[in-house]
Amino acid sequence: MVYTSVDNQYVKSLKKLTIKKHRDNENLFLIEGEHLILEAYKCGLLEAVIVPENMDFKIDVKTIYVSNNVLKYLSELETPTIIGVCKKMKEKELGDRILFLDDIQDPGNLGTIIRSAAAFNVDTIVLSSNTVDLYNSKVLRATQGMVFNINVIKRELLYFARELKEKGYLVYATKVNGGKSLKDIEKAKKFVIIMGNEGAGVKEELLNLADQYLYIDMSKKCESLNVGVATSIILYEFSK
């Protein structure tokens with residue numbers, strides 16, 4: 001069977017997965033591109049693939065054939081190729097190396113941070129309730145598939161930080177004034193690193209919970225770094 005109409009109810013139900021509320025209700029999300037689809041398949045998260053009617057894409061999941069106009073309707077890309085339907089990831093063990101993200105708003109920043117966190121052996125990323133949705137299509141593309149290789153959860157950061165401190169985690173937060181140079185920081189075995197919002201930084205109440213403040217040495221010509229870049233540098237240093 002080939003779906004040829006954008007008015008078809010099943011097609012419309014797939015389109016709704018581009019909206020956060022419906023992703024949450026259905027516990028499903030969409031991805032685009034063969035690379036992301038293969039990464040999701042390897043992790044056992046791929047439920048189905050949506051392909052053009054003339055494409056021969058062999059993978060052991062349900063295949064949904066659609067016309068080009070339906071594919072364009074479902075896609076968020078200018079040149080759609082193939083779309084995957086995935087079930088959301090389940091939570092895993094926290095591990096010892098945890099990254100808190102306090103209200104990150106830009107999808108590209110979140111995707112970059114997830115990619116770097118996977119590269120530098122972070123066990124768990126904890127998103128605040130106001131951080132951009134993990135399953136936003138721009139976030140997923142920016143991760144380059146690394147989102148399937150790291151534990152990402154959502155919590156109320158203030159209460160969770162207190163809980164982790166009681167369990168022996170040392171909490172680090174970025175702070176330009178009064179912070180310690182990243183190169184001089186003593187790295188704990190169990191730690192939480194808190195990175196803040198693009199404009200406002202880390203909230204005051206979270207800063208007050210930190211055991212140590214840190215900052216990145218850089219040229220005085222540069223006032224600040226993009227949060228994705230800053231997080232990548234910090235995680236690299238902590239991976240040594």
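Predicted model: local features only at pLDDT ≥ 70, side-chain atom pairs only at ≥ 80, totals over all residues.
The largest nonpolar core comprises 47 residues, and Ile31, Leu99, Leu101, Ile125, Phe148, Ile193 and Phe238 have the most contacts inside it. Helix α9 (residues 227–239) supplies the largest share of this core, five residues. A second, separate core consists of 19 residues, among them Phe100, Ala161, Ala173 and Val202. When residues up to four places away in sequence are not counted, leucine 101 touches Leu110, Ile113, Ile125, Val126, Leu127, Ser128, Thr131, Leu157 and Met195.

Eight aromatic pairs were found in a search of the whole structure. In one of these, the ring centres of tyrosine 172 and phenylalanine 191 are 6.3 Å apart and the planes meet at 75 degrees, so the pair is edge-to-face. Because tyrosine 172 belongs to strand β9 (residues 170–174) and phenylalanine 191 to strand β11 (residues 191–195), this pair ties together parts that are 19 residues apart in sequence. Phenylalanine 191 also pairs with phenylalanine 238 in a tilted arrangement, with 5.0 Å from centre to centre and 55 degrees between the planes. Phenylalanine 238 lies in helix α9 and phenylalanine 191 in strand β11, so parts 47 residues apart in sequence are tied together by the pair. Tyrosine 172 is buried, as are phenylalanine 191, with a relative accessible area of 2%, and phenylalanine 238, with 3%. Elsewhere, Phe29, Tyr135 and Phe148 form one aromatic cluster.

Two lysines are placed over tyrosine rings. Lysine 15 lies over the face of tyrosine 73, 5.1 Å from the ring centre, and lysine 190 over that of tyrosine 169, at 4.6 Å from the ring centre.

Technical notes
Residues numbered from 1 in each chain as written. Heavy atoms only, no water. Core = buried A, V, L, I, M, F, W, Y, C linked by side-chain atoms within 4.5 Å. Buried < 20%, exposed > 50% of the residue type's maximum accessible area, 1.4 Å probe, protein only. Helix = DSSP H or I, 4+ residues; strand = E, 2+ residues; numbered from the N terminus. Contact = heavy atoms within 4.5 Å. Phe/Tyr/Trp six-rings, centres within 6.5 Å; stacked < 30°, edge-to-face > 60°. Lys NZ or Arg CZ within 6 Å of the ring centre and 35° of its normal.
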